[in-house]
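Try each task before you read on.

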Amino acid sequence: MYSFENSPSFAKELDSKDPLTNFRNEFHLPKHNGHDAVYLCGNSLGLQPKRAGQYVNQELKDWAELGVEGHFKKDTGWFGYHNLLKESTARLVGALPTEVAVMNHLTVNLHLLLVSFYRPTADRYKIICEGGAFPSDRYALQSQVMFHGFDPDDALIELEPRKGEHIVRHEDIIEAIEDCGDALALVMFGGVHYFTGQVLRMQEIAKAAHAVEAYAGFDLAHAVGNLDLKLHEWNVDFAAWCSYKYLNGGPGTVGGIYINEKHAMNHYLPRFAGWWGNDPEKRFTMPHRFVPVPTADSWQLSNAPILEMAALRASMELFDKAGMKALTEKSLLLTQYLLFVLNDVCNRNNKQSLIEVITPFVDQQKGCQLSVMIKENGRAIFDQLTSDGVISDWREPDQEGRISGVIRLAPVPLYNSFEDVYRFGVLFEKAINTN
Ligand SMILES: Cc1ncc(COP(=O)(O)O)c(C=O)c1O
C-alpha cells in the first residue's frame, strides 16, 4: 500500500509517474467556469473520445457520397461493420471473438439471452439474483418469469445483505445456490453492483451454478471497461452490457453480448431470430429458413447501427492501446487515493462519522467506483459539490430508511488524474463545512 499525501504536489507526482496519463488528452472534458470540471461520473456516462466525431463524420460522408453502396465499400463496409468491433470486444471481456457480438441495447439483449437461458420447467424454474438490482434487470426477470406462467414472488430469489450490512456476502450467494439445488434454473447478477460498487466473484458463482445444473449470466453494465474480465476462462454462460458508461460509446449507444462457445455453437439452443443472425453468406439470398451462424452473431436480429458503432470504435481503439491490465492497476491506485483523501478530509475536520464508504475493497478485484454514504445533509453536500464543478451522481436514501443517500464517485483510469482526486478533496472539504 502506498503512503499517500493529500497535497497538490503529491497528486502531481503520481500523475507524472502514471504511464496512462496521456490518454486524458484523447477525451473532451466537460468545463466548469472555463476550467476542466472534476468529472467522476464515468460509471454513468463515459466521456467523448476526441476521435469519435471523426469516425462518425466519415460514415456520414460515405453515406452522402455512396448511398447504399456504402454497405460494400472497402474495409469499413456497413455489411460487416460490426466485425470491426469484434476482436477488441473479445479482448476486453476475455472471450473468443466468436463468443461476442455488439448489438442492440442492454435490456433488449438481456431479454434475448433470457429467451435462450431461462427455459423453466415445472420443477426447475427459480432464478437467484441480487436484491436491489437495477430496476431494468428486475423488470426483465419478472416479466420473463411471468411470460413462462410463473409468479415472480415465488420464482425470483432476491438475495439481500445481512442485517446491518450493505452488500451480499459471497458465501451467502453460494449457500443460496446450493440450497436451491434442483429447483434452480438460472443465476443472474450484476458483475459490479450498480449502487454499492461491489465486485462479484463471477467464476465461483458460475461454478456453483453449474454444480446444480443451472446457468450463470451477468449484467456487466458496471463491469465492462472497468474490470479485467475473463468470461471464457470463468466459464460464464452469458453476459450483456451497455457501452455508454466505462466504454465511452456515447449516450444510449449500442450494447454487447457474450455467449460461451459451447452454447454459441449449439444450433439447437432456442433463440429469437432475425435476418442479421443468419449465415452472412446466405443473408442476401433470403433463405426461407433461418440458418444460424455458429457464433454469438446468430443472436443478432437487425442490421447494425453504424453511427453508434463508429463512435464506439474510437473508444475501443483507446482500450486496445491502454490494455485492461494497466487500466485496472491505475484504477486501484486512483480509488485508494480517493479513499485516502476522503478519510483525510473527514479526520482533519473532525467529521469521521459523516461518511461510510460502502464499496468493499476485496483483494485486487476492485472497480473504479466508490459509493460514499453521507449520514447527514447528503443532498445539500452533493448539490454544493455540483455547483462547484464536481460531476458525480446522487442516489436517494431508500424508503425503509435503512440506507442514507449515497454519492457515487468513479475516478476512471482512462481520463481521470490524481489531481482530479485532489481537487475533489478540496471541494468536498468546502462542501462538508458549509452544509
Ligand atoms: C445495471 C444496469 N442494468 C440495466 C441498465 C439499463 O440499460 P439500458 O437502458 O441500456 O437497457 C442500466 C443502466 O444504467 C444498468 O446500470
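How many aromatic pairs does the structure hold? The structure holds 18 aromatic pairs, where rings of Phe, Tyr and Trp (its six-membered ring) pair if their centres lie within 6.5 Å. This is a predicted model, in which local features need pLDDT of at least 70, side-chain atom pairs count only at pLDDT 80 or more, and totals for chains, interfaces and linings use all residues. Residues are numbered from 1 along each chain as its sequence is written, and side-chain values use heavy atoms, with hydrogens and water left out.

**Exercise 1.** Classify the pair of Tyr125 and Phe150.

Step 1: the ring centres are 4.7 Å apart and the planes meet at 10°, so this pair is stacked (planes under 30 degrees apart; over 60 is edge-to-face and the rest tilted).
Step 2: Tyr125, at 13% relative accessibility, is buried, whereas Phe150, at 21%, is partly exposed (buried is under 20% relative accessible area, exposed over 50%, partly exposed in between, with a 1.4 Å probe and protein chains only).

**Exercise 2.** Find the charges over rings.

Step 1: look for NZ of Lys or CZ of Arg within 6 Å of the ring centre and within 35 degrees of the ring normal.
Step 2: Arg271 lies over the face of Trp299, 4.0 Å from the ring centre, and Lys366 lies over that of Phe361, at 5.3 Å.
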